[in-house]
Amino acid sequence: MTLLDTSVSLSFVLGIGFLAYVVVIVRGYLRDRPALPGDPDGFGWHFLIPCRDEEAVIATTLDYLAEHFAGATVWVVDDASADRTAELVRTWPATCDRLTVHLVSRRLPEARTGKGDALNAGYRAVEAALPAGTDPERVVLCVLDADGRPSPGALAVCAGPALFGDPGIGAVQVEVRMSNRDVPRPLPGRGALANRRARLLARLQDIEFRGPISAMQITRRRTGTVNVGGNGQFTRLSALRSVDRGGGRPWGKALLEDYELGLRLMLAGWRNGYTTDAWVDQEALWSVRQLITQRVRWAQGSMQCTRYLREIWGSRAFGTAGFLEVLYFMSQPWLQLVGLLVYTVPIAAFGYNLVVYPEFVLAFLRQGGALLLTLYLLLGVGEFAIWGPLYRRRCEPGTGRRAALGYGLALALYAATTYLVAVRAAWRMLCRRSSWHKTARVAVAPAPVAPAAVASAPPPAAVLGEPVR
């Protein structure tokens, strides 16, 4: 068998395998139904917001939480920001009695060592502030990005009988949506084409999270492998304590610290829940370069988590289906590297023969090759294009049929960036590089601070858990 024959065979095997996976997750996605809410007053809710240079969004986030989550406690973890993040938190309206806000300050050189470390600092501050005798089963920590906007009824949903109302649930992840998916002119000062491209990129991220990612999470309920994300992640305090490996560090060092936490929780015997009845809005990226940088970090973090596979294999908390699902997820970057090879060889061979031996290529097409290429195209594009119409049906019924189909086709091109992501992530692994670049916020302008308020602002906190008021 030639290299070309091997590549064609492997490409069909990979394509059909992935198509079968899509069919499975679509089935669960379309059958998902709302669950019963619960009483949020039976729990203590603590929002953890890790911040590094977030002056553009943090004040408006606090305003939003005060409006919709009265009585909750917020812990803003300032990770040695170089901008006015800490200042804005300290001077956030002291007249507001609907929300209790604490500032947790991290200092260099200990600061800026990763999101997991920042969350651990917030966790330790919460633990230090809780009164003696607090029931950890009834305390929930919610991780939000600085631009995160949970849906107003999120706490009632998470308190429902199928989620934190079940004592075996350690964490709940809510659906993620893009808050700026409908911004008409995302790039002021740029031309119409650049703005159209940015709008499409934001929409595709919304489709990705509310389509295939949501469908995967719904399917994971059956395999017992629902995991948590970095935004809209609700975790029971008792579950965090059970995976704290000393020093107040339930979150690990992986670049995908949220996925790593979810694995730790499952290995400790907890189950994780997922719901689309509540959601968190976050800011989509308008730059392809920023998107690739973000996804390289995620892919590398997934690669780092493969060290848990041996432990998962030997754990009674994971059945066969659960282990295979986790293995499949962790294998994605590596499969993309293989796919890059097996898909490139036949395409390059076909292009070469078309130029050098056009008569043989035309004969091949007349003798059934056209059907083969059509099938090849359907496998490669159809499995992504289907999400456009599904997104219209389940998430955005106001979207036109033609636009939905266009979104689906664009998603296939969007998905092709994962091959570049996999290559860069693998290279970083080989080079033992684990640093990451912070994505700048662009949607909201910094909130103004009155000069008098700045002058009277207290000095930087020397300890964790500095109260704002």
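Two residues are in contact when they have heavy atoms within 4.5 Å of each other. The exercises below use this definition on a predicted model.

**Exercise 1. Surroundings of Met330**

Task: State which helix holds Met330, whether Met330 is buried or exposed, and which residues it touches beyond four places in sequence.

Solution: 
- Step 1. Met330 is found in helix H11, which covers residues 320-356.
- Step 2. Buried means under 20% relative accessible area. Met330 has 1% relative accessibility, so it counts as buried.
- Step 3. Leaving out residues up to four places away in sequence, Met330 touches Tyr259, Leu263, Ser302, Cys305, Thr306, Leu309 and Ile312.
- Step 4. Take Leu309 from that list. Leu309 and Met330 are 21 residues apart along the chain, and their C-alpha atoms are separated by 9.0 Å.
- Step 5. Tyr259 and Leu263 are also among the buried residues of helix H8.

**Exercise 2. The cover of helix H8**

Task: Find how many residues of H8 are buried, and describe the phi of Gly269.

Solution: 
- Step 1. Helix H8 spans residues 257-267, and eleven of its eleven residues are buried.
- Step 2. Just after H8, Gly269 has a positive phi of about 100°.

**Exercise 3. The length of helix H6**

Task: Compare the span that H6 should have with the distance between its end C-alpha atoms, then say where H6 bends.

Solution: 
- Step 1. Helix H6 runs over residues 192-223, which makes 32 residues.
- Step 2. The expected span is 1.5 Å times one less than the number of residues. For H6 this gives 46 Å.
- Step 3. The end C-alpha atoms of H6 are 46 Å apart, so the two values agree.
- Step 4. H6 has a bend of about 35° at Ser214.
- Step 5. After H6 comes Gly224, with a positive phi near 70°.

**Exercise 4. Strand S8 and its partners**

Solution: 
- Step 1. Pro150 has Val280 of S8 as its bridge partner.

**Exercise 5. Aromatic pairs**

Task: Classify the ring pair of Phe47 and Phe69 and the ring pair of Trp313 and Phe323, and say which parts of the chain each pair ties together.

Solution: 
- Step 1. The structure holds eleven aromatic pairs.
- Step 2. Planes over 60 degrees apart count as edge-to-face. The planes of Phe47 and Phe69 stand at 65°, with ring centres 5.4 Å apart, so this pair is edge-to-face.
- Step 3. Phe47 belongs to strand S1 (residues 44-51) and Phe69 to the loop between helix H2 and strand S2, so the pair ties together parts 22 residues apart in sequence. Both Phe47 and Phe69 are buried.
- Step 4. Trp313 and Phe323 are also edge-to-face, with 4.9 Å between centres and 65° between planes.
- Step 5. Trp313 lies in helix H10 and Phe323 in helix H11, so this pair ties together parts ten residues apart in sequence.
- Step 6. Trp313 counts as exposed because its relative accessibility is 65%, whereas Phe323, at 14%, counts as buried.

**Exercise 6. Surroundings of Ala80**

Task: Locate Ala80, decide whether it is buried or exposed, and list its contacts beyond four places in sequence.

Solution: 
- Step 1. Ala80 lies in the loop between S2 and helix H3.
- Step 2. Its relative accessibility is 15%, so Ala80 counts as buried.
- Step 3. Apart from neighbours within four places in sequence, Ala80 is in contact with Arg106, Leu108, Ala111 and Arg112.
- Step 4. Ala80 and Pro109 are 29 residues apart in sequence, with 9.1 Å between their C-alpha atoms.

Technical notes:
Residues are numbered from 1 along each chain as its sequence is written. This is a predicted model: local features need pLDDT of at least 70, side-chain atom pairs count only at pLDDT 80 or more; totals for chains, interfaces and linings use all residues. Side-chain values use heavy atoms; hydrogens and water are left out. Two strands pair if DSSP finds at least two bridges between them. Helices (H or I, at least four residues) and strands (E, at least two) are DSSP runs, numbered from the N terminus. Rings of Phe, Tyr and Trp (its six-membered ring) pair if their centres lie within 6.5 Å; planes under 30 degrees apart count as stacked, over 60 as edge-to-face and the rest as tilted. Buried means under 20% relative accessible area, exposed over 50%, partly exposed in between (1.4 Å probe, protein chains only). The bend at a residue is the angle between axes fitted to the seven residues ending there and the seven starting there.
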